[in-house]
Amino acid sequence: MNAMNTTSNAHPHLKKTHQNMAWVLAAINEMIEESIYHCETFCHTLHTHHNLIAAKVFEQFCPQFLSEQALIQDSIKTISLPEIPPWEIPYHDYIHPVNALTHAHYLMSESDAWKLMHEMVQVHSCFYSYLLDKNQQPEIESLLKALRKLNMECQKICRQHQSYNDALPDDLDPPISQS
Amino acid sequence: MTHASQTPLEKITVKTVKPTEYLSNVHPVWCPGCGHFFILRALTKALAWLKLPKEQIGLVSGIGCSSRLPAYLNVYGFHGVHGRALALASGLKANRPDLTVLVAGGDGDGYSIGGNHFIHACRRNMDITYIVMDNEVYGMTKGQPSPTTPAEWQSKLTPQGTGVARFNPMGIALAAGASFIARGFSGDPNGLTKLMTEAIQHKGFSLIEIKSPCVTFRPEEKAWQKSMRSLNVSPSSNPAEAAKSIYSSDGFDTGIFYQADLPVYEPTNTPCENPADVLAEIEKELNV
């Protein structure tokens, strides 16, 4: 996955509060909210651009992220979550979930759409693994394990579909070739 | 309002606000993969972090893909004419200094058709935040070169390239008197949100030049993701130092290049009490 170089030691927005339970919950919640928002937004715009096949992938997959969110919300209950500054990154190699979407195209195939979804799911996976490596409190550890289990199922779904349909949709409004 | 350099990212604590609260019920229809999606999200996150009341925000735009922004936000919006967004926004700020005035547009709208307004908006240094979504092409009209298009970029209209040096918006903003000059990247949502937060908090004219790939007409711009990097120097308040940073950058550095405490133009003349009567009198004198 190509990403902007934000991993230098001098990264200005690095946060290291992974031992704080409320922060961990807030950070996961924030990441999942980002994925859900962009999933819904891309589903809409793909519909608008007449790529119904790719739009359906985003539509189908959104409930998976909602399931992750439901797990988190069960854990939050009465915990008051801290407001995380929206520029903070949780760890050095963190890649924002939307990074994959910068490779989207209005004519992408169903298979391409599943690849993008897979990349987004992997961002979640990396974050859960990172947090589990940091020796969390038991209640957080069990949550992270549940999230990772769900996430692995999501990865399986994405992998299964990646070679499904490589046919590109018809371009109803092709751009004029400029070069 | 206080300078971000003095009290960094000061928050107004009222209640938790979600970024989606700033969205309207009109969903964005930019091309999938377009950088503008991530700019919209970063803007709503910055507004939510600052907890700015929706009714205290005015967002003005011109024409182009990026100028669709006011439709997508649940704040006061004005989708103006091509290149005139800054003129409209200056009028708005002059009459409603209490509002947080934001301007959104693209490189064609802001630097070509609106180039003159851009220079004088910088010069006046009114308290306005100008968000330029620069994809180095006229996307809405299907891919003509804009002022920031590289000279060698070949298209049907310019088969040998434009042959014209690129417009340097940050250099011009500095020379013209803007007091906050930054470059962001749509593919860096976290860094962009911070830049927007600081630009909105800055007192004076803030330019955020955001590189935002046009995946349809300039697909090669997807490679920007590999080239962009955070600026490794602190913002300078010295124009000579800032000029050095701006002109020595290859265009892929993101961050605040210049931030200074400069006089802000705030018209003190209040609007007349009976504008219709005054206008009627002028028309009578001019025999209109």
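The model is predicted: local features need pLDDT of at least 70, side-chain atom pairs count only at pLDDT 80 or more, and totals for chains, interfaces and linings use all residues. Residues are numbered from 1 along each chain as its sequence is written, and side-chain values use heavy atoms, without hydrogens and water.

**Interface**
- In chain A, 41 residues are in contact with 45 residues of chain B (contact: heavy atoms within 4.5 Å).
- The two chains bury about 3800 Å² between them, 61% of it on carbon and sulfur atoms (buried area: accessible area, 1.4 Å probe, lost by two parts on being put together, summed over both).
- Five salt bridges cross the interface of chain A and chain B (salt bridge: a side-chain nitrogen of Lys or Arg within 4 Å of a carboxyl oxygen of Asp or Glu).

**Salt bridges between chains**
- A:Glu83 pairs with B:Lys51, with the closest N and O atoms 2.7 Å apart.
- A:Glu30 and B:Lys45 form a salt bridge at 2.5 Å, N to O.
- A:Glu30 is partly exposed at 27% relative accessibility, whereas B:Lys45 is buried at 7% (buried: under 20% relative accessible area; exposed: over 50%; partly exposed: in between; 1.4 Å probe, protein chains only).

**Salt bridges within chains**
- Over all chains, the count comes to 16 salt bridges.
- A:Glu141 bridges to A:Lys145, with the closest N and O atoms 3.1 Å apart.
- B:Glu266 and B:Lys203 meet at 2.7 Å, N to O.
- B:Glu266 is partly exposed at 46%, and B:Lys203 is partly exposed at 21%.
- A salt-bridge network links B:Asp134, B:Glu136, B:Arg166, B:Glu209 and B:Lys211.

Note on methods:
Chains lettered and ligands numbered in written order.
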